[in-house]
Amino acid sequence: MVHLIDASQLALEIPNGSTIALVGFGGMGQCDKILKAIGECYKKTGTPNHLTVFHTAGQSDKSNGIEHIAIEGLIERVIGGHWGLAPKMRRLIEENKIDCYCWPQGQLTHLLRAMANKMPGQISPVGLGTFVDPRVEGGKINERTKKKEDLVQVISINQEEFLLYPSIPFDYVFIRGTSIDENGNITTEEEPLKLEILSAAHAAKAYGGKVIAQVKYMAERTSFHPKDVVVPGYLVDAVVLAENPETEHRQVPSTVYSPIFSGDLRTPAKDLTSLPLDIRKIIGRRAIQELTPSAVVNLGIGIPGDVIGPITNEEGINQLMTLTLESGIIGGIPIGENEFGIARNADAILDHEYLFDYYHGAGIDITFMGAAEVDQFGNVNVSKFGSRTVGCGGFIDITQTAKKVVFCTTFTSSGLEVSVENNKLNILREGMIKKFTNRVQQITFSGAYAADHSKKVMYVTERAVFQLTKEGLMLIEIAPGIDLEKDILNEMDFPPLIASDLKEMDMVIFKEGIMGCKKFIDKVKTI
């Protein structure tokens with residue numbers, strides 16, 4: 001019989017100084033009942049304290065997940081990938097209240113499998129030349145951590161450099177499913193994502209750690225079809241039942257449960273509302289002109305995740321490519337915003353870490369990613385700007401291995417306003433912050449590494465398009481209605497190279513209605 005435990009009792013049993021691992025993605029998949037109980041226990045008793053917290057993807061949508069335990073004294077150290085939607089956790093990091101190591105999300109998922117095999121760590125070239133490289137910053141996000149030891153190491157195999165991400169033994173791992181039977185077998189039928197719950201359970205067991213599951217339903221033994229079992233019962237030490245899913249086990253931030261997000265119901269894509277012709281749609285429209293037929297595509301959080309899927313659906317070309325999200329989603333129409341990582345009408349939902357196998361090995365055909373800062377060397381920063389710490393998520397894993405990278409960003413920020421009239425772009429008010437700067441604050445994408453490996457890299461904004469060359473950033477297109485000197489060169493901290501055949505962006509991008517994507521469809525007809 002599976003051991004049932006009350007979340008409050010579990011919190012009392014966790015020894016001080018333990019290492020706990022969390023599984024989740026944004027606002028999905030977290031063990032909210034367990035984490036809330038740990039936070040409340042600390043407030044009442046002062047225990048457990050000085051915990052090390054390990055997680056792969058972001059663990060909150062601004063209010064749930066890791067936010068329940070983001071308390072000074074409770075956490076001593078965090079090793080993770082992203083905190084963009086975890087304001088309390090970011091505050092602990094930014095105010096130097098905890099040690100913080102940021103590693104690429106895909107490497108963290110694969111580290112779980114390395115740990116499951118009792119390996120010393122995960123070995124990969126991913127991260128070389130970025131802030132994760134110990135010769136740059138070593139993934140140490142705040143000043144407090146910079147005084148601590150390097151965890152990531154540079155190693156050489158056959159005269160080729162790699163990074164070694166070391167194994168971090170877990171005392172506990174918290175995983176989430178939908179149902180559990182009396183033998184402890186876990187299924188995920190109502191979850192929007194599979195994530196890495198099996199790998200995490202194996203990793204914990206390899207070092208003698210305990211696997212605690214949170215589920216909604218209890219079933220009789222042998223209730224499940226064997227192929228539906230995601231985590232077998234012999235791996236599970238105890239289970240916490242979420243009796244109030246409304247607050248303890250929401251499927252996604254916007255709903256307790258919808259069959260749309262678990263893949264059990266498909267909805268008519270033609271009924272989805274078209275996006276307004278705003279600055280984000282302009283960027284997305286120009287970006288999709290880089291698509292090639294039958295491409296396997298990745299979308300990152302921000303502008304890409306919010307607009308590329310809806311635009312390709314609106315243009316009727318979704319079926320001519322394969323869209324993916326790093327969470328494990330294949331096909332469909334991404335939701336975006338604080339529910340980034342899920343989609344309507346997905347064709348498949350893979351385990352989190354297995355999609356990263358494809359990203360790392362084969363390399364995605366094209367990825368669309370956001371950018372907070374770009375410098376003259378083609379470096380991109382999405383992980384830290386000003387005092388705000390976000391983390392890299394899967395950005396490094398995907399951009400370093402993709403065959404083609406298209407960064408999507410506004411040209412300036414903080415106050416930028418534009419309008420479109422007569423198929424031309426007008427700058428109504430310029431943003432106060434220049435995003436094209438002499439040197440990025442943190443290197444999340446290495447322009448030098450990309451240039452050395454002959455990567456195809458583009459930077460798409462609402463008014464200008466740049467291309468990475470070995471000599472630096474080259475301006476190759478400007479929007480109709482834009483003045484080169486006033487609207488572009490004066491709003492950059494460095495002079496870019498300018499193409500001898502500088503072109504005007506396609507006017508159809510700035511036109512209401514459907515673009516038609518004629519060039520793209522014509523390419524398909526020739527295959």
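This is a predicted model: local features need pLDDT of at least 70, side-chain atom pairs count only at pLDDT 80 or more; totals for chains, interfaces and linings use all residues.

Residues are numbered from 1 along each chain as its sequence is written, and side-chain values use heavy atoms, with hydrogens and water left out.

**Stop 1: two helices**

Select residues 105-116, which are helix 4, and residues 197-206, which are helix 6. Helices here are DSSP runs (H or I, at least four residues), strands are runs too (E, at least two), and both are numbered from the N terminus. The two axes come within 7 Å and cross at roughly 40 degrees. An axis is a line fitted to C-alpha atoms, for helices over the stretch in contact, and angles run from 0 to 180 degrees between N-to-C directions. That angle makes helix 4 oblique to helix 6 (under 35 degrees is roughly parallel, over 145 roughly antiparallel, 65 to 115 roughly perpendicular, and the rest oblique).

Now show side chains. On helix 4, pick L112, R113, M115 and A116; on helix 6, pick S199, A200, H202, A203 and A206. Those residues make the contact, meaning heavy atoms within 4.5 Å.

**Stop 2: salt bridges**

How many salt bridges does the structure hold? It holds 30, each being a side-chain nitrogen of Lys or Arg within 4 Å of a carboxyl oxygen of Asp or Glu.

Select E182 and R221: their closest N and O atoms are 3.7 Å apart. E182 sits in the loop between strand 9 (179-181) and strand 10 (186-187), and R221 in the loop between strand 12 (217-219) and strand 13 (238-241), so this pair ties together parts 39 residues apart in sequence.

Next, jump to D306 and R280, whose side chains meet in a salt bridge (2.4 Å, N to O). D306 lies in helix 9 (residues 303-314) and R280 in helix 8 (residues 279-288), so the pair links parts that are 26 residues apart in sequence. Is D306 buried or exposed? D306 is buried, at 16% relative accessible area, while R280 is partly exposed at 29% (buried is under 20%, exposed over 50%, partly exposed in between, with a 1.4 Å probe and protein chains only).

Last pair: D493 and K434 form a salt bridge at 3.8 Å, N to O. D493 is partly exposed at 35% relative accessible area, and K434 is partly exposed at 33%.
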